[in-house]
Amino acid sequence: MGLFDRFKEKAPNAAPQNSEAKPPEAGLPQWPQPPQADTMCLLLMDRVLEDIEPAVACVRAAFGEGAVSHIDRSHPRVPAFTATVEGLEFWVSYLPMPVPPSTADIPTAAKYSFLLTEEEKAAFSSHKSFWMLAQKGAGTTLPEKRRACWALSLLCAALLDQEGAVGVDPVNRGGLLVSKRHYLQQRELMESKTWDNPDHFFPVPLWVWVYVTTTDEGRPTIQTHGLDDFGLPELGFFDSKREVGELLDLLYSMSCLQITGRQLYRNMALIPLDEKTEVVCKQEGGTLFFIGA
């Protein structure tokens with residue numbers, strides 16, 4: 001049983017839009033689906049904290065004196081408090097130990113996180129303690145899931161102001177680790193925006209992992225993990241000849257279009273990437289691969 005069983009930078013503004021889609025194939029998953037209602041993450045520290053008061057102070061400094069309530073010190077080793085951000089309540093608890101392997105394999109995730117520097121990978125792998133943040137039940141629709149993730153991103157950014165903060169692991173089926181450096185860069189892009197902002201911006205890199213792998217035949221793919229939590233299809237490029245950095249930007253941007261409700265890609269749809277290239281969506285289980293790039 002896992003611990004939670006108890007209850008690249010700015011993406012481009014424009015992304016490929018869907019063209020005429022053929023009817024969906026029978027028997028394949030269809031979207032949108034209900035999102036994962038609970039929203040959770042881990043915030044890792046490079047030390048064991050003597051007290052949670054500095055963290056409480058960070059939250060109050062960011063959101064006001066009344067943002068923290070129900071400080072619970074009844075457990076001698078696991079203090080906790082409730083934080084209210086953007087009208088949503090989050091349960092925040094501190095555990096003075098490394099993340100259990102049954103919850104997340106942090107060293108392996110760090111090894112394959114190509115957006116981390118070597119120093120950041122080492123810091124994640126050698127972390128000494130962590131915070132567990134959870135919002136229960138608010139993400140029942142795509143807009144509400146977006147709101148919950150937005151608010152939790154703001155809360156994580158506030159807690160990253162603590163001395164010794166390493167970065168964040170959103171709890172989903174991917175292996176995403178976001179360094180403090182990258183997290184705060186994305187937080188700057190959220191400044192003066194709301195979760196339903198008219199620019200249709202969402203901090204995708206904080207919630208969606210993009211990774212590179214190969215098929216059994218040795219052909220490269222680059223694909224997402226994390227969109228499934230929003231009730232959306234994962235996206236990927238199959239055997240593309242484009243540079244990884246370009247594909248990374250495309251996947252972040254296309255994921256943002258899905259999360260903000262502007263676009264939903266479908267099986268057998270034709271997608272123009274630019275003036276010269278059009279790709280076709282091919283569904284494999286819960287993933288839509290773009291073929292022809």
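Which residues are buried in helix α5 (residues 180-190)? In this predicted model, local features need a pLDDT of at least 70 and side-chain atom pairs count only at pLDDT 80 or more, whereas totals for chains, interfaces and linings use all residues. Residues are numbered from 1 along each chain as its sequence is written, and side-chain values use heavy atoms, with hydrogens and water left out.

The buried residues of α5 are H182, Y183, Q186 and M190. Here, buried means under 20% relative accessible area, exposed means over 50%, and partly exposed lies in between (1.4 Å probe, protein chains only). Helices (H or I, at least four residues) and strands (E, at least two) are DSSP runs, numbered from the N terminus. The four residues lie on the same side of α5, because they cover an arc of only 100 degrees around the axis; this arc is that of the directions from the helix axis to the C-beta atoms. In general, an α-helix has 3.6 residues a turn, so residues three or four places apart point the same way. The cover over the buried residues of α5 includes α4, β6 (165-170) and β7 (178-179). After α5 comes S192, with a positive phi near 65 degrees.

Helix α4 spans residues 142-159 and contains A158. With a relative accessibility of 6%, A158 is buried. Contact is defined as heavy atoms within 4.5 Å; when residues up to four places away in sequence are not counted, A158 touches C58, A62 and F63.

A nonpolar core is a set of buried Ala, Val, Leu, Ile, Met, Phe, Trp, Tyr and Cys residues joined through side-chain atoms within 4.5 Å. The largest such core comprises 74 residues, and L43, W131, L133, L155 and F237 have the most contacts inside it. Helix α4 supplies the largest share of this core, 11 residues. Apart from this core lies another, of 14 residues, including L95, V99, A104 and A110. Neighbours within four places in sequence aside, the contacts of W131 include C41, L42, L43, F81 and Q162.

The cysteines were also examined. A disulfide is a pair of cysteine sulfur atoms within 2.5 Å, and a search of the whole structure finds zero disulfides. For C149, the closest cysteine sulfur is that of C41, which at 9.3 Å is too far for a bond. C281 is likewise in no disulfide, as the nearest cysteine sulfur, that of C256, is 17 Å away. C149 is buried at 1% relative accessibility, and C281 is buried with a relative accessible area of 0%.
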